[in-house]
Amino acid sequence: MASERAKELARKQRAEAKALKAAKKNSDNPADWGTLRQLRETYKLAAGHQSSTPWILLACVLGCTALGVVLGLWLGWLVMWIVIGVLGGLTLGLYVMQRIVKKAAFARAVDQPGGGEMALSMLDKKKWHCTPAVAIDRQMNCVHRAVGPGGLLLIGDGRGAHNLLHAEAKRYKQVLYGVEVQTIMIGDKNGQVRLQELTKYITKLPRTLSTEQVEEIAYRLKGLDRMHSRVPMPKGPLPTSGNMKMSRRAMRG
């Protein structure tokens with residue numbers, strides 16, 4: 001009897017493992033993909049955005065390999081330098097492809113609801129506390145929040161987010177005494193910050209808060225969030241796009 005139970009348990013475990021493997025194989029979530037599939041899908045996204053991607057990657061590999069040959073002929077140990085050149089070319093190619101994917105992802109996120117979350121997700125999590133869509137209206141205009149060395153930031157996301165951003169800034173100033181609230185509007189007009197430049201803009205802000213002050217404000221903001229319920233919003237600028245999930249993972253390396 002015990003032997004039959006053990007066999008039945010083993011069959012169930014094999015069936016579950018097989019089903020899990022099949023689910024991961026057909027999954028649209030990049031977290032379930034293997035390394036080769038991640039690279040393949042990343043390449044497809046990069047090539048779809050920039051048709052010259054194959055030639056750029058080939059130039060990276062051949063250029064570094066040629067450099068390795070030259071160094072090998074000059075310094076000796078030709079085979080070793082060729083191997084180093086090939087590996088260096090592959091590394092450079094991956095870096096370049098990552099940059100192309102980043103541009104492609106931002107190009108897709110422009111004018112999409114919640115696109116600013118992508119830029120905030122690229123900030124250093126150890127320095128910045130980011131909360132997407134702390135406020136949102138029926139037109140899908142929203143306000144994101146970030147607190148870090150550069151201060152407390154409210155980021156308006158959407159063409160009609162001006163009024164919502166102003167109202168949120170006023171509310172925060174009334175509740176958080178002694179804390180300066182800075183507002184940023186995403187857009188291409190004067191006084192606005194382009195989505196592609198938002199991460200760089202935030203990281204270059206002058207340091208106004210110490211680490212202790214950042215943690216204190218983040219703790220106070222959690223209490224503020226509990227007091228004011230937020231309208232739920234799909235995470236990410238393109239919640240139904242598997243490519244967007246993959247591109248965001250690719251940008252994080």
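Biologist: What does L154 touch, leaving out residues up to four places away in sequence?
Modeller: L154 touches V143, H144, R145, L165, E168, A169, Y172, V181, Q182, T183 and I184. Contact means heavy atoms within 4.5 Å. This is a predicted model, where local features need pLDDT of at least 70, side-chain atom pairs count only at pLDDT 80 or more, and totals for chains, interfaces and linings use all residues. Residues are numbered from 1 along each chain as its sequence is written, and side-chain values use heavy atoms, with hydrogens and water left out.

Biologist: Which residues touch the most other members of the largest nonpolar core?
Modeller: V143, V147, L152, L154, Y172 and L221, in a core of 21 residues. A nonpolar core is a set of buried Ala, Val, Leu, Ile, Met, Phe, Trp, Tyr and Cys residues joined through side-chain atoms within 4.5 Å. Buried means under 20% relative accessible area, exposed over 50%, and partly exposed in between, with a 1.4 Å probe and protein chains only.

Biologist: Which elements each supply at least two residues of this core?
Modeller: β1 (129-136), β2 (142-148), β3 (151-157), α6 (162-175), β4 (181-185) and α8 (211-227). α8 gives the most, with 5 residues. There is also a second, separate core of 17 residues, including M118, L120, L123 and W128.

Biologist: Switching to the overall fold. How many helices and strands are there?
Modeller: The protein chain has 9 helices and 4 strands. Those are DSSP runs numbered from the N terminus: helices are H or I with at least four residues, strands are E with at least two. The order is α-α-α-α-α-β-β-β-α-β-α-α-α.

Biologist: And how much of the chain is buried?
Modeller: 38% of its 253 residues.

Biologist: Now α2. Which of its residues are buried?
Modeller: E41, T42, L45 and A46. They sit on the same side of α2, because they cover an arc of only 135° around the axis. That arc is taken from the directions from the helix axis to the C-beta atoms. L36 and G48, on the other side of α2, are exposed.

Biologist: Why would spaced residues point the same way?
Modeller: An α-helix has 3.6 residues a turn, so residues three or four places apart do that.

Biologist: How far does α3 reach from its first C-alpha to its last?
Modeller: α3 covers residues 53-75 and reaches 33 Å, close to the 33 Å expected at 1.5 Å a residue. The expected span is 1.5 Å times one less than the number of residues. Its buried residues include C60 and G68.

Biologist: What comes just after α3?
Modeller: G76, with a positive phi of about 90°.
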